[in-house]
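Me: Please take a close look at one part of this model and describe it with care. Then go on to the rest of the chain, as one connected account.

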Amino acid sequence: MEAAARLERIAGIDGLICGLTFGKADMIRNLFKKPQPKVPASLAVSDVNAPEPSLWEPVSQACTQAQMEEPHYSHWCSLIRESPRMHRKQWEFAYILQALHMHDMVEEGRRGLGFGVGKEPLAAVFANRDVEILATDMTAEAAAGAGWIATNQHIDSKLLLNERGICDQEKFDRLVDFRFMDMNKIDRSLHGQFDFTWSACAFEHLGSIAQGLEFVANSVKCLKPGGIAVHTTEFNCSSNDDTVDNNPTVLFRKRDFEQLEQRLRKKGWEIEFNFNLGDKPLDLYVDVAPFKDNQHLKLQIEEYTVTSFGILVRRP
């Protein structure tokens with residue numbers, strides 16, 4: 001009886017639709033469609049059908065509020081000597097550390113290569129865990145031309161990499177080495193020498209989107225079999241078409257990363273993307289200059305909404 005009634009109801013709807021103009025018929029049909037989640041224009045490229053990205057088991061993914069609320073986020077913050085806060089730059093360090101930890105890379109005997117390290121604390125965290133590190137950055141002349149010295153984001157020796165006192169100094173000196181290197185011209189002698197490579201918001205500053213993607217591919221060449229490359233960068237949340245390219249800072253689009261995924265998979269390398277950009281209050285809030293020290297997950301650059309995005313690649 002229930003099935004017969006249901007068929008009668010459907011037939012009645014179809015009959016009603018058949019007697020309407022095309023426009024009104026579409027309106028009736030739409031009433032019976034499953035509603036889809038609404039995506040704000042500022043997050044136009046978000047994949048709302050993908051699961052919420054997790055910091056516990058990271059893939060290539062965006063910074064979201066929910067990840068900062070996971071209990072182990074505060075653990076990584078404590079290791080870099082910071083109090084947890086809702087800031088995308090702090091998330092980048094936590095994401096890199098968690099991604100490497102989940103692949104057993106933050107262990108004694110491992111060897112890591114850092115690009116564009118500036119004054120970041122990660123080299124000291126790795127050394128404190130008995131990991132051997134080669135940290136690299138551009139020359140002082142190149143940094144001055146790019147404005148990094150003026151903004152106090154460049155180093156000319158390894159001394160400042162442990163300025164937070166994270167690692168015993170003697171141990172740090174023994175395990176950490178430093179050299180100048182252009183990220184667009186990675187020394188071929190480094191190929192196949194490292195268990196992991198990393199960079200924190202650096203490869204968007206290489207001159208163009210094409211050069212940034214080329215760097216990611218080249219960084220994987222430095223890995224031993226089974227090695228991990230993990231990098232963070234700037235992601236355009238609001239457009240998969242217009243963006244900032246050929247500029248001191250570029251904004252990568254979803255389609256740029258999809259192109260990177262195809263390129264890396266053709267070489268047999270492993271990468272997985274999650275483009276869900278979150279739907280909690282701070283995921284939907286767009287910070288504008290002057291930027292906050294907290295509540296800073298999304299920001300406006302020119303007319304685009306931007307957030308931090310992590311790239312995670314494994315070389316089999």
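Reply: The expected span of a helix is taken here as 1.5 Å times one less than its number of residues, where helices (H or I, at least four residues) and strands (E, at least two) are DSSP runs numbered from the N terminus. The model is a predicted one, in which local features need pLDDT of at least 70 and side-chain atom pairs count only at pLDDT 80 or more, whereas totals for chains, interfaces and linings use all residues. Residues are numbered from 1 along each chain as its sequence is written, and side-chain values use heavy atoms, with hydrogens and water left out.

The buried residues of H9 are Ile-209, Gly-212, Leu-213, Phe-215, Val-216, Ala-217, Asn-218, Ser-219 and Val-220. Among the elements that cover them are strands E5 (194–200), E6 (223–236) and E11 (304–314), together with helix H10 (254–266).

Arg-263, which is found in helix H10, counts as partly exposed because its relative accessibility is 30%. Apart from neighbours within four places in sequence, Arg-263 is in contact (heavy atoms within 4.5 Å) with Leu-213, Glu-214 and Ala-217. Between Arg-263 and Ala-217 there are 46 residues of sequence separation, yet their C-alpha atoms are 8.4 Å apart in space.

Two cysteines can be considered next. Cys-201 counts as buried because its relative accessibility is 11%, and Cys-222 is buried with a relative accessible area of 0%. A search of the whole structure finds zero disulfides, a disulfide being a pair of cysteine sulfur atoms within 2.5 Å.

Met-181 lies in the loop between strand E4 (176–180) and E5, and a relative accessible area of 8% makes Met-181 buried. Not counting residues up to four places away in sequence, Met-181 touches Phe-115, Thr-136, Asp-137, Met-138, Ile-186, Asp-187 and Leu-190. Met-181 and Ala-135 are separated by 46 residues in sequence and by 9.4 Å in space, C-alpha to C-alpha.

H5 has 15 residues and reaches 20 Å from its first C-alpha to its last, close to the expected 21 Å. Because 12 of those 15 residues are buried, H5 is largely enclosed by the rest of the structure; among the buried ones are Trp-91, Phe-93, Tyr-95, Ile-96 and Leu-100. On the H4 side the contact is made by His-72, Tyr-73, Trp-76 and Cys-77, and on the H5 side by Gln-90, Trp-91, Ala-94, Leu-97, Gln-98 and His-101. By class, six of these residues are nonpolar, four are polar and none is charged, where Ala, Val, Leu, Ile, Met, Phe, Trp, Tyr, Cys and Pro count as nonpolar, Asp, Glu, Lys and Arg as charged, and the others, Gly among them, as polar.

Some details of the backbone remain. Most residues other than glycine have a negative phi, and most peptide bonds are trans. Arg-81, in the loop between H4 and H5, has a positive phi near 65 degrees, and Asp-104, which follows H5, has a positive phi near 60 degrees. In the loop between strand E9 (286–287) and strand E10 (298–301) sits Pro-290, joined to Ala-289 by a cis peptide bond with omega about -5 degrees. Gln-295 belongs to the loop between E9 and E10 and has a positive phi near 55 degrees; a relative accessible area of 42% makes Gln-295 partly exposed.

As for the whole chain, its secondary structure comes to 11 helices and 11 strands, and 49% of its 316 residues count as buried. Of the contacts with a separation of 6 or more, 69% are between residues 24 or more positions apart.

Terms used: Buried means under 20% relative accessible area, exposed over 50%, partly exposed in between (1.4 Å probe, protein chains only).
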